[in-house]
Every structure is written in structure tokens, then in C-alpha cells.
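Let's take a walk through a protein model together. Have a look at it first, and then we'll go through some questions.

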Amino acid sequence: VKSFLFQAAMDSAASSKVGFITEVAQATEEELLEHTPSTSSRPRAVSLPTVNVYNVEFAELPNECYGGGLASPAPLPASIPMDKIMSNIAQNLDFKGWSEQARNLWFKDFKSQCSRAVIQDTFWFCICWYFKPGKHLDVETRLFDRISANFVGLFSSLNPSRKDFFFRCYADAVAQAVLYAMFLAYPKSRIDFTEKFRKDLVIRISFWTSGICPEFVDTSHWKLNLGGGDVLQAAPSQTQRNVETNVMTLRGNASQPLLGQLSADSLAEKSAWMGQWNRRPRRKLQYSPLVENFLRARKYSSVNLVRATSMHMTTAEQRAKKMDVKHAMLAERAKQARDRCEALAKEYDDLDKEVKKQERQRTIQAQAAKKRLEIRRKEVLRSDPHEYANYLVSLHLLQQGLGQKG
């Protein structure tokens, strides 16, 4: 019975060709001819347009950008090692002498689901805003709504005693994450990720999270080391382009979501600071733009409104730049005065040389006249002295006669 069952199983397996999932059954020639379409029925190959997937301007937005709830943020490109990027960010930040335990605690909150969602949606928002201006306005609005909701969720999930410590470096960390993701996903667009673009990211995200534009923004501590050294420093240096200017030129007067109508420079009021005599402009502080957008989008029936605080804020960076301009003016004036002094000194030296030259000429002439007189005296002494005496007397009488007549 056992041999019969074994033989039946072998026959069944041979007939059905059942095996591992990695096995491939060899088809017979008839099956191949049966399933092979004829030449006349084959569809003609259509040449698809070539798309440069390594250029940020040709980036394709995922489906989550056009829809999806708050729990489904738009995913980053698959080529981005987000965990390594976050580890680099935690190493780049300066925690002002905090312990390693505090750094690990901050890193744990930074890797939370809400924080990742903020980074992912901010990544696609920046691509739409900077590199696809005016083409995806509805997507920008949807992404900003989702960023605000996840930011509020992140803010609510943190322990109140750790909020100040966490959000002190959060805007810089998100800006680093967005830049590193763009840098790795779109290597042919690294010409656009300039120093101004990096500072613009920090200013924009800081304004989103706090409502205040930071001053003296520094990105020199940004380093992306994936095992082969700093990728940012190893990137080839090329001619930098002003992405922000291109964005504002292309956008025109199109209606945008919150912050869409303002660039980072205009947010920081850097364009007209030279003409402002008020060194401490008045600001109203209430909600950050993300929290304000969240409250407006939710339309709560009852909201614990926070009264706006009006205060004068010192714009230190503007004042520093104004002092730099004044210092440059003083330096220019000092340079002009130095050049004037050098010109006058040169003119004096030239005049002194001319006077000394004339003195030497007069000295030579006097020596020549004295030499001639000496020769004449010797000639007279060698001749008859009586004749010379008579000559002198006649001259004396002549002078007296002229004097009496006068």
C-alpha cells in the first residue's frame, strides 16, 4: 500500500509540476506558439519621453500629495536613508553642554511618527514651492494643512518640561533633513542647494514653528556623512543660482497658502531695512503659523484664544548689517583721506625735489661767477695797478656826479 501511494504521489507531482515557488516549469513548443502573439497583432512600440529623475525640477509627486488623511504623509523617495540622515542630524546639533542622555531623549522624540510626517510633507512642500512654483497650489495647501496637524500632534505628545529643549533645535533639524533628502535624491540639482537656499529653509521652518524669523543663521555645522566623508563638502562647486528669485519671478501674484506670498527675505524684512528709522519694529505674537492654520482649518466651536502680545523687537541682524554699512562708509572715507594724504605728500616731495634742483643750479652758477671774478682779479693784479686805481677813481667821480645831479 505504501509503495502504491508513493507511486501515485510521484505521478501526480509529475503531471501537475508542483514545486517550490522559485521553480520555473519549462513550456513545450506548442504552448509557446499558442501564447505567442503574431507579428500583425503585436502593438507597435511607443517611445516614451525621457525624464531626468535625478533633477528636482522633474520630480514626480506621490499620490499621497494629492489626497490621503493626516495619518498618511507623502513618502520620501526610496533612495533616501532616512535613519542615517537623522543620526547625522543628531550629531550635528549643538546641545550646549547637555548630557548624552538628553541627546538620546531628543533623538527619540525627533524620530517619532509625527516628526517624520512633518519632515516628509515639508520635503514635498519645498519641492512644490521652490522648484514647481505655481503648478501645485492645491497640493501646497493640502501639505501645509497636514504639516500643521502633525506639528500640533508632535507638540501635544511631548512632555511640557522637554518642549523648550526639543523645539530649540527642531527647525534647524527639519531644515537639515529636507536639504539632505533633496541632496541625495536629486544629485543633478545640487547646483540649486546653495548657502542662501539652506538659510532660507531654516528661516522658513523657524517662522512656521515659532512665528519669529531667526537672525544670524549659520549652516556651517551641517555635515552629511554616510560612511565616506562629508557629502556636502565633497560636492563639486558650481556657479550658484538664486532659487528664491526665480521662485518669486515665476509665481507672480498667484494666491498661495499661508507663507506662500512671502519669501524668507521678506519675512525677515531684509529688503527695506536700510530705509527704516525704527530700529525696534512692533510685532504681535500669538500663535505660530502652523498652530494658527490648524485652528483655522479645524473650525472648533470653542477655542481657548490666546491674546496677542504686542512688543517692540530689536532686529539685531539688521542693526549689525547697518553698522557694517556705516563701518564700510567710514572705511571708505578713511581710504579717501589716506589717498588724499598720499597725493599731497607726493606733491610735496615733487615740489621739494624741484626746489632742491633749482638750489643746486643757483649754487653752480654762483660758483661759476665767483670763479670768473677770481680770474679777473688775478688778471688786474698782474697788470699796472696805477691804471686800475685811476679806473676806480674815475668810477667814484662818475658816481658822485650822478648823485649831485639827482
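Among contacts in the protein between residues at least 6 apart in sequence, what percentage join residues at least 24 apart? It's 77%. Keep in mind that you're looking at a predicted model.

Now for the overall make-up. The protein has 406 residues, and 32% of them count as buried. If you count the elements, you'll find 15 helices and two strands.

Let's zoom in on one pair of helices. Two packed helices are described by the angle between their axes and the distance between the axes. Helix α6 covers residues 137-157 and helix α13 covers residues 289-298; their axes come within 8 Å and cross at roughly 105°. Angles of 65 to 115 degrees count as roughly perpendicular, so α6 and α13 are roughly perpendicular to each other. On the α6 side, the contact is made by F144, D145, I147, S148, A149, F151 and V152, while α13 brings in P289, L290, V291, N293, F294 and R298. Sort the residues of this contact by type and you get nine nonpolar, two polar and two charged.

What about cysteines? A disulfide is a covalent bond between the sulfur atoms of two cysteines. This structure holds zero disulfides. Here is how two cysteines sit in the model:

| Cysteine | Relative accessibility | Counts as |
|---|---|---|
| C114 | 25% | partly exposed |
| C169 | 9% | buried |

The cut-off behind the table is simple: buried means under 20% relative accessible area, so C169 at 9% counts as buried.

Technical notes: Residues numbered from 1 in each chain as written. Predicted model: local features only at pLDDT ≥ 70, side-chain atom pairs only at ≥ 80, totals over all residues. Heavy atoms only, no water. Axes fitted to C-alpha atoms, helices over the stretch in contact; angles between N-to-C directions. Helix = DSSP H or I, 4+ residues; strand = E, 2+ residues; numbered from the N terminus. Parallel < 35°, antiparallel > 145°, perpendicular 65-115°, else oblique. Contact = heavy atoms within 4.5 Å. Nonpolar A, V, L, I, M, F, W, Y, C, P; charged D, E, K, R; others polar. Buried < 20%, exposed > 50% of the residue type's maximum accessible area, 1.4 Å probe, protein only. Disulfide = S-S within 2.5 Å.
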